[in-house]
Amino acid sequence: MGGCSPLFVLAVVLIGIPFGINGAKLAYDYYKYSCPNLETIVKREMPSIFLTDATAPAAFLRLMFHDCQVQGCDASILLDSDNSKHKPEMVSSKNFAIRKRETIGYIKSILENECPGKVSCADIIALAAKESVSFSGGPHIQIPLGRKDSTTSSYQQADASLPPQGIKVHELIHTFASKGMNLEESIAIIGAHTLGVGHCINIASRLYDPQPNGHMHYGYEAFLRLKCPTRVPSSNFTFVPNDITPTIFDNQYYRDVLMGKGLFTIDSSISTDPRTAPIVRHFAIDQNYFFQVFSSAFVKLSSTNVLTKGKGEVRKKCSRININ
């Protein structure tokens, strides 16, 4: 479905001109001299990962989202515990089912052989996410690079910064406005729900403690109750597809939510809220326009609160900070 439509390439600024959100500066040609084959290498490695795991694109996209929401896009989500009192982000329950951290480390090891000490883990996360979108039939997005890796990771910050499963529309708008997004972009970036699945543990409260304005098709609700039959799931690994094309990046997500088939509460809410419903309808009928706005939102999200200009470091191994 997504592969049949023209794909959009977004270049927010000309190659070589700095780009930044919240004062940080990135560049589209950042690795022109230090690692000129970076994007070619990432493009070469990703297809084999995707072909052996159809859920990998959704996992990489979610990994970037969770990284950028906490501290900024700095690969803090990849840090493991250093056996100190400070527990890393992955300890947070909101990072439940985050995957593919080790795969970022694998790609990093290949790049270390090509360009030792040059490419940050944060940039690899962003590149893997954009490749996931295009491989799945979505837009080809050009992103600026030059992020540095953080030296800290905090589960308390993850708990505080990652959106709750019951996030309201006004909270969603505020969250993405803080990352430089306008209203359309805020509704486009949540369209990433077009890939992947939702776990019963995250939707059970919606089924068994329903809200008055839930807007759920009765047939879809019956389907979800069949998939998630208890208020407390018997397993953390029972799940439901986000939409009817969970491995294809398309606009089916918006079509589904308009029919009352939104998996999460926020999915249903954006289809009925007067501020966002017209945007949902526009994206549902115009996939190309959705791709265009999503591309802009993706660049902004992946450029949020990045570390540059002497801040942070380029880790040698993505799972731990450098030891001088």
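**Helix packing and disulfides**

Cys 200, Ile 203, Leu 207 and Tyr 208 in H8 meet Glu 221, Leu 224, Arg 225 and Lys 227 in H9. Contact here means heavy atoms within 4.5 Å. Helices (H or I, at least four residues) and strands (E, at least two) are DSSP runs, numbered from the N terminus.

Before I go on, the ground rules. This is a predicted model, in which local features need pLDDT of at least 70 and side-chain atom pairs count only at pLDDT 80 or more, while totals for chains, interfaces and linings use all residues. Residues are numbered from 1 along each chain as its sequence is written, and side-chain values use heavy atoms, with hydrogens and water left out.

Back to the helix pair. The axes of H8 and H9 are 11 Å apart, and the two helices pack at an angle of about 130 degrees. Axes are lines fitted to C-alpha atoms, for helices over the stretch in contact, and angles run from 0 to 180 degrees between N-to-C directions. H8 and H9 are therefore oblique to each other. On this scale, angles under 35 degrees count as roughly parallel, over 145 as roughly antiparallel, 65 to 115 as roughly perpendicular, and the rest as oblique. The crossing in which H8 passes H9 is left-handed, a term used if the near helix is turned anticlockwise from the far one by less than a right angle; clockwise would be right-handed.

Which residues of H8 are buried? They are Cys 200, Ile 203, Ala 204, Arg 206 and Leu 207. Buried means under 20% relative accessible area, exposed means over 50%, and partly exposed lies in between, with a 1.4 Å probe and protein chains only. An α-helix has 3.6 residues a turn, so residues three or four places apart point the same way. The cover over the buried residues of H8 includes strand S3 (197-199), H9, S4 and helix H11 (265-272).

How many does a search of the whole structure find? There are four disulfides, a disulfide being a pair of cysteine sulfur atoms within 2.5 Å. With bonded cysteines counted along the chain, the pattern is 1-4, 2-3, 5-8, 6-7.

Cys 200 is bonded to Cys 228, with 2.0 Å between the sulfur atoms. This pair links distant parts of the chain, 28 residues apart: Cys 200 is in helix H8 (residues 200-208), and Cys 228 is in the loop between helix H9 (218-227) and strand S4 (239-241). The link of Cys 200 and Cys 228 is left-handed, with -70 degrees about the S-S bond. Cys 200 counts as buried at 1% relative accessibility, and Cys 228 counts as buried at 2%.

Next, Cys 35 and Cys 115. Their sulfur atoms are 2.0 Å apart and form a disulfide. Cys 35 lies in the loop between strand S1 (9-10) and helix H1 (38-52), and Cys 115 in the loop between helix H3 (101-114) and helix H4 (121-135), so this pair ties together parts that are 80 residues apart in sequence. The torsion about the S-S bond of Cys 35 and Cys 115 is about 70 degrees, so the disulfide is right-handed. Both Cys 35 and Cys 115 are buried.

Then Cys 121 and Cys 318, another disulfide, with sulfur atoms 2.1 Å apart. Cys 121 lies in helix H4 and Cys 318 in the segment after helix H13 (287-301), so the pair ties together parts that are 197 residues apart in sequence. About the S-S bond of Cys 121 and Cys 318 the torsion is about -95 degrees, so this disulfide is left-handed. Cys 121 is buried with a relative accessible area of 0%, and Cys 318 counts as buried at 5% relative accessibility.

Staying in helix H4, I come to Ser 134. Is Ser 134 buried or exposed? At 14% relative accessibility, Ser 134 counts as buried. Its side chain reaches the backbone oxygen of Glu 131 at 3.2 Å. A polar contact is a pair of N or O atoms within 3.5 Å; within protein, one must be able to donate a hydrogen and the other to accept it, and residues adjacent in sequence count only if both atoms are side-chain atoms. Leaving aside residues up to four places away in sequence, Ser 134 touches Pro 139 and His 140.

One more residue: Leu 26, in the loop between S1 and H1. Leu 26 counts as buried, at 2% relative accessibility. Its C-alpha atom is separated by 9.5 Å from that of Leu 307, 281 residues apart along the chain.

Finally, the overall totals. The protein chain has 13 helices and four strands. Of its 324 residues, 52% are buried. Among contacts between residues at least 6 apart in sequence, 77% join residues at least 24 apart.
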